[in-house]
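Here is a short tour of a single chain. Take a look at the sequence and the model, and then we can walk through the fold together.

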Amino acid sequence: MTAHEQVVPPQVLAAFGVAAEDVVHLDGGQGSSVRAGALVLKPYADDLEVTWFAGLASRVLPDGFCLPAPVAALDGRWTVDGWAAVEHVPGVADP
């Protein structure tokens, strides 16, 4: 784990319905995202931004690109203790 990687708190994993043994740190970005089962979890500081993105993403019809869909916690919240989730989309990013 690098200095930028964070450990996802157990209550966050439980809220999104994923197990700790499924957590794999992802390379790239700020080094803080993890894959947890079928989700990608990332720490966010702004609940309003995540809520805005969730609303925007629900109206976008991807045409020639992938946009990971935001995933709410089991209780419907978009963020839990500062963490948000999107679906994991397999593939390779274009340079």
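How far apart are the mean positions of the positive and negative charges of the chain? The 4 positive and 12 negative charges have mean positions 4 Å apart, with Lys and Arg counted as positive, Asp and Glu as negative, and His and the chain ends not counted; each charge is placed at NZ of Lys, CZ of Arg, CG of Asp or CD of Glu.

This is a predicted model, in which local features need pLDDT of at least 70, side-chain atom pairs count only at pLDDT 80 or more, and totals for chains, interfaces and linings use all residues. Residues are numbered from 1 along each chain as its sequence is written, and side-chain values use heavy atoms, leaving out hydrogens and water.

**Confidence**
- The mean pLDDT (the predictor's confidence in each residue, from 0 to 100) of the chain is 86, and 91% of the residues score at least 70.
- Confidence is highest in helix α1 (residues 10-16), with a mean of 95, and lowest in helix α2 (residues 47-59), with 90.

**Fold**
- The chain has 2 helices and 6 strands, taken as DSSP runs (H or I, at least four residues, for helices; E, at least two, for strands) and numbered from the N terminus.
- Starting at the N terminus, their order is α-β-β-β-α-β-β-β.

**Dimensions and burial**
- The C-alpha trace spans about 35 × 35 × 20 Å along its principal axes.
- Buried residues (under 20% relative accessible area, 1.4 Å probe, protein chains only) make up 27% of the 95 residues.

**Contacts**
- Of the contacts (heavy atoms within 4.5 Å) with a separation of 6 or more, 54% join residues 24 or more positions apart.

Definitions and conventions
Buried means under 20% relative accessible area, exposed over 50%, partly exposed in between (1.4 Å probe, protein chains only).
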